[in-house]
Amino acid sequence: MGNKKARILMSTVIYSVFVIAFIAILFIFVSRMGSDVSSLEKNTAAGIALMIDSAEPGTRIMYNLEDVLEESKDVENPVRIEDNLVIVKLSDKSGFSYAFFNDLEIKYEIREIDEMRYMIMEVRE
Amino acid sequence: MNKRGGEKVFSIYWFLMFGIVAIVVVSGVLLFFSKPVDVRDVEAKILRDRVIDCFVEKGMLKEGVLSSVSEESFGELCNLRFDDSSDPSYGGEMQYYIMVESGEKTFEFGRKDMSEWCGQEKRTNVPHCVRDKLVVLDDGDFVLVSIDVVIDKVEQNAK
């Protein structure tokens with residue numbers, strides 16, 4: 001009887017460990033796929049470019065870069081605007097740039113506000 | 001009934017079930033994240049609105065705008081620029097086409113061969129077209145203005 005109870009307990013424990021490990025592995029896999037650097041670069045560059053495209057002169061845009069800059073690996077100026085290109089480069093081996101069609105002057109800086117880093121852009125004529 | 005044999009069959013069933021769940025989850029995630037993000041629809045609509053704001057003011061077509069604007073003056077008139085060096089594969093080729101039509105007056109800008117892609121919105125690896133029509137006043141009369149905006153940038157959005 002004792003042996004039977006011990007066997008049931010053992011099989012339940014093994015089964016539970018297996019299920020938890022299975023769920024953990026799936027969760028880690030999904031998380032890694034979601035934080036893919038190249039898609040982060042693309043989404044950020046395109047997002048900033050579209051914001052600039054839709055901006056009128058005198059508009060001030062604050063774009064939260066905290067999640068993006070956390071992924072950058074010792075790259076100087078990982079997010080910048082050059083001419084009409086938004087360039088996001090989070091590592092030496094990756095990078096993405098997207099062009100905007102708004103022909104206005106864009107002044108920008110990356111500033112920390114309340115422990116979060118923002119890209120602050122001013123659109124001028 | 002042989003309980004041991006029953007337990008082994010039960011275990012195989014559970015492993016099979018977990019295997020199927022794992023395959024479904026992995027396939028779904030790979031399918032979702034491998035699909036490229038396409039921002040051209042939003043971009044084309046923003047460009048359409050900018051062009052409308054440039055040609056129409058307070059519901060009226062700006063006087064003589066369709067007659068006087070040219071491909072050379074369009075960018076400066078509407079504060080737009082269309083050079084794109086973001087992807088080397090573009091080779092400096094124009095990635096935009098804009099057409100504004102009102103009655104018999106038509107203005108076209110950019111790569112005119114891209115106009116044929118309008119009406120093929122179900123395909124993703126081709127230039128993306130946004131069409132719109134609006135009614136405005138021109139010299140006291142209501143006129144229909146048609147506007148087509150086509151954006152290529154396939155390499156950055158659909159591949």
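Modeller: Let's start with one facing pair: Arg80(A) stands opposite Ile87(A), which lies in S3(A). Strands here are DSSP runs of E with at least two residues, helices are runs of H or I with at least four, and both are numbered from the N terminus. Two strands pair if DSSP finds at least two bridges between them.

Colleague: Before we go on, what am I looking at?

Modeller: It's a predicted model, where local features need pLDDT of at least 70 and side-chain atom pairs count only at pLDDT 80 or more, while totals for chains, interfaces and linings use all residues. Residues are numbered from 1 along each chain as its sequence is written, chains are lettered from A and ligands numbered from 1 in the order written, and side-chain values use heavy atoms, leaving out hydrogens and water.

Colleague: How many bridges hold S2(A) and S3(A) together, and in which sense do they pair?

Modeller: Four bridges, in the antiparallel sense, with S3(A) covering residues 85-88. They belong to an open sheet of three strands with the order S2-S3-S4 in chain A. S2 (79-82) and S4 (96-99) are its edge strands, each pairing on one side only. Ignoring direction, neighbouring strands of this sheet are turned by 20 degrees against each other on average; the axes are lines fitted to C-alpha atoms (for helices, over the stretch in contact), and angles between N-to-C directions run from 0 to 180 degrees.

Colleague: Which strands does S6(A) join?

Modeller: S1 (residues 60-64) and S6 (residues 116-124) of chain A run antiparallel, joined by five bridges. In that pairing Asn64(A) faces Tyr118(A) of S6(A). S5 (residues 105-113) of chain A also runs antiparallel to S6(A), with nine bridges.

Colleague: What happens at the turn of the S5(A) and S6(A) hairpin?

Modeller: The hairpin has two residues between its strands, and Asp114(A) takes a positive phi near 50 degrees. Ile113(A) has Met116(A) in S6(A) as its bridge partner.

Colleague: Now salt bridges. How many are there over all chains?

Modeller: The rule asks for a side-chain nitrogen of Lys or Arg within 4 Å of a carboxyl oxygen of Asp or Glu, and the count over all chains is 19. Take Glu105(A) and Lys107(A), whose side chains meet at 3.5 Å, N to O.

Colleague: Are those two buried, exposed or partly exposed?

Modeller: Buried is under 20% relative accessible area, exposed is over 50%, and partly exposed is in between, using a 1.4 Å probe and protein chains only. Glu105(A) counts as partly exposed because its relative accessibility is 36%, and Lys107(A) counts as partly exposed at 41%.

Colleague: Where does the Asp152(B) and Arg111(B) pair sit in the chain?

Modeller: Those side chains form a salt bridge at 3.1 Å, N to O. The pair links distant parts of chain B, 41 residues apart: Asp152(B) is in the loop between S6 (141-151) and H5 (154-157), and Arg111(B) is in the loop between S4 (105-110) and S5 (128-138). Asp152(B) is buried at 11% relative accessible area, and Arg111(B) is buried at 14%.
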